[in-house]
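Student: I have a few labels from this model that I would like to understand. Could we go through them together?

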Amino acid sequence: MRTPLRPLSRRGLLTGTLGSAALLAAGGSLAGCGTKGAQQTEAGCVSEDLSGTEKKLAFSNWPQYMDVDEKDESKRPSLDEFITKTGIQVTYTEDINDNNEFFGKVQNQLAACQSTDRDIIVLTDWMAARMIRLGWIQKLDAAKIPNVQANLLPSLLNRSFDTENRISIPWQSGLAGLAFNGSVTKELRTVDELLTRPDLKGKVTALSEMRDTMGLLLGSNGHDPSNFTAAQFDDALNKLKKAVDSGQIRKFTGNDYAPDLAKGDIAACIGWSGDVIQLSSENEKVQFVAPDSGAMLYSDNMMVPNKATHKGNAEALINYYYEPAVAAKLAAYVNYICPVKGAQAEMEKIDPDLAANPLIFPDDALLAKSKVFMALDEKQEKEYEGKFQQVIGA
Amino acid sequence: MTLLAPSKPGQLPSPPRAARSGRHRLLPYLLLLPGAVWLLVFFGVPLLQLAAASLYDPSGSLSTGYAMTWAFGNYPDVVQAYWPQLLRSFGYAGLALVLALLLGYPLAYAIAQKAGRWKNLLLVCVVAPMFTSFLVRTLAWKTILSDNGALVGLLRDVHLLAPDGRLLATPFAVVLGLTYNFLPFLVLPLYASLERLDPRLLEAASDLYASGVQAFRRVTLPLSMPGLVAGTLLFFIPASGDYINAELLGTPNEYMIGNVIDSAFLVRLDYPQGAALSFLLMAAILAVVFGYLRRAGTEEVL
């Protein structure tokens with residue numbers, strides 16, 4: 001207070017100075033903001049492979065997606081066999097619960113070309129496609145995964161986002177279709193019935209996964225989900241909107257529809273074959289229906305992200321799981337569609353009933369009417385997802 | 001600042017003033033430092049980042065990145081697209097608040113004034129549900145309200161609910177979930193201020209011929225005001241931003257603004273929109289809070 005000029009209190013001066021400094025700093029740093037693109041290129045983000053010296057592998061997967069010993073749930077027979085055979089120590093983590101959530105978890109590292117500390121991640125088709133598009137995934141060496149080239153199901157070969165079958169390798173596949181609980185409603189055959197039958201009003205759910213729900217609706221309109229136009233998409237979306245507005249559809253769900261369907265709070269829904277088979281084994285009145293207008297075929301795919309340092313070990317593991325005998329062992333536990341040719345013959349030895357189940361080993365007729373959703377570019381994805389989210393209310 | 005009146009006779013000689021007052025002046029700031037750094041790093045910087053993101057060019061994308069274009073147009077855009085959810089959030093939170101007050105005030109009063117030796121036990125009962133996860137508690141409501149559950153069956157039998165009526169997946173369930181989940185935040189501060197209420201004041205009021213209602217209105221209520229204001233704020237702020245209750249107990253028609261923000265960040269990857277909505281929610285809540293505080297006139301809370 002050396003200056004005599006003092007009607008301004010010290011507090012006022014301090015607040016004023018600090019306030020304007022904060023505002024200036026805020027404005028300045030805002031202007032400097034903006035984000036760099038997350039796009040990576042093969043040349044720009046090179047990953048080292050230490051598999052030669054490090055016998056290690058970090059494998060991130062979804063819960064209940066690996067066979068466990070009936071007596072001791074901490075033992076995973078097929079994985080343990082791989083470890084004994086190769087000496088590669090596998091750290092198996094069940095930390096993927098949702099494609100979007102997992103994307104949020106790793107996007108900062110991958111966008112900056114940093115390691116995620118994971119050598120194999122398992123993600124669904126559309127998310128795999130997005131990550132591949134962003135250049136975040138390493139290409140595998142085709143020579144090191146001969147089983148994949150030999151045994152991958154023909155309908156899963158050369159998918160639009162991985163035409164050489166060496167970036168994303170299906171772990172398990174499944175169908176999205178209709179399901180109903182026979183103890184609370186009568187049989188259901190078509191998507192239109194689901195969306196309009198009066199006795200189901202308020203007792204129907206659909207999947208919040210756009211590709212599955214919209215794929216089925218596109219099919220029910222007679223359009224091809226693997227090749228459609230924007231107008232056809234809008235048509236299908238209007239149909240969905242009508243069902244939402246009329247109160248026919250109660251909500252949109254992830255995996256969480258399963259307990260509600262079992263309890264009968266939901267009479268019928270759009271759901272995934274693997275979940276419904278598991279419910280059927282407890283209550284045979286819960287049934288999965290692949291509508292004649294087409295079911296949606298999806299896969300969860302193994303991928304090696306950038307900067308993962310054990311690509312060689314990952315290739316060994318992928319190759320191992322494409323041996324028909326190993327694939328059968330896994331399929332017997334997880335009940336999804338097995339993407340490995342020849343596993344059905346192996347399954348006969350383990351459990352003939354499962355070998356005959358078309359939802360684990362689909363016949364050609366079922367496969368022929370199952371579609372994979374069209375690959376979308378970034379702009380389309382944002383547009384369609386935005387429109388869809390608007391209809392489902394978020 | 002170095003010269004002050006010489007010490008009076010008889011007083012102990014004080015240490016040199018300059019050194020002492022200098023240290024004294026710095027000490028509070030030093031004590032504030034860890035908290036301030038924490039606030040700056042985990043609140044200030046993210047807040048700025050969010051503010052920046054809300055002004056990014058909406059035509060940007062993840063792979064190409066977002067440019068800072070001062071796109072204030074993001075705000076009207078999101079209001080136009082999502083005003084129903086925004087209004088719904090405040091509507092539901094307000095409704096839940098009224099319910100919670102009707103339940104919580106008598107409860108807090110009873111615990112503070114009438115519970116005697118059961119006081120601690122009752123307080124534990126209020127807090128106990130917080131020991132389980134928020135999600136688990138909300139999922140439990142899903143079972144309680146289930147279409148084929150006992151509660152709905154009973155209501156149907158006594159014709160309070162149509163034969164095909166339901167509780168789950170209705171606005172009722174969402175408001176109920178909000179009320180239940182945030183009730184302790186209202187009860188605890190209320191309890192704290194009601195506990196300090198001197199019963200002799202009520203006696204005095206009745207000696208002066210105040211009726212029960214009058215005594216409540218003129219004595220109890222004004223004295224519990226700080227707790228009431230703190231409690232309503234602690235209840236209303238998280239309740240209006242909540243999305244779990246709407247997600248689990250509601251349908252798309254009950255979705256609140258939190259659900260939209262969640263989907264903007266995680267599903268649609270529309271960061272400018274998500275950030276603009278977050279900011280809007282914050283601004284709206286601040287406006288409500290300041291308006292409320294001005295009316296309630298309790299400055300002690302802030």
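Tutor: Happy to! In this predicted model, helix 4 of chain B passes helix 6 of chain B in a right-handed crossing.

Student: Which residues make the contact?

Tutor: Helix 4 of chain B contributes F134(B), R137(B), T138(B) and W141(B), while helix 6 of chain B contributes G177(B), Y180(B) and N181(B). By class, this contact has three nonpolar, three polar and one charged residues.

Student: Over to chain A: why is strand 9 of chain A called largely enclosed?

Tutor: A residue is buried if 20 or more other C-beta atoms lie within 10 Å of its own. Nine of the nine residues of strand 9 (residues 295-303) of chain A are buried, so the rest of the structure largely encloses this strand. The buried residues point both ways: L297(A) is among those on one side, and Y298(A) is among those on the other.

Student: How do you know that strand 9 of chain A and strand 10 of chain A pair?

Tutor: Pairing needs at least two bridges. Strand 9 and strand 10 (residues 370-371) of chain A have two, in the parallel sense, and M296(A) stands opposite K371(A). By contrast, strand 4 (residues 169-181) of chain A runs antiparallel to strand 9 of chain A, with seven bridges joining them.

Key. Residues are numbered from 1 along each chain as its sequence is written. Chains are lettered from A and ligands numbered from 1 in the order in which they are written. This is a predicted model: local features need pLDDT of at least 70, side-chain atom pairs count only at pLDDT 80 or more; totals for chains, interfaces and linings use all residues. A crossing is left-handed if the near helix is turned anticlockwise from the far one by less than a right angle, and right-handed if clockwise. Helices (H or I, at least four residues) and strands (E, at least two) are DSSP runs, numbered from the N terminus. Two residues are in contact if their C-beta atoms, placed from the backbone, lie within 7 Å. Ala, Val, Leu, Ile, Met, Phe, Trp, Tyr, Cys and Pro count as nonpolar, Asp, Glu, Lys and Arg as charged, and the others, Gly among them, as polar. A residue is buried if 20 or more other C-beta atoms lie within 10 Å of its own, exposed if 12 or fewer, and partly exposed in between; C-beta atoms are placed from the backbone.
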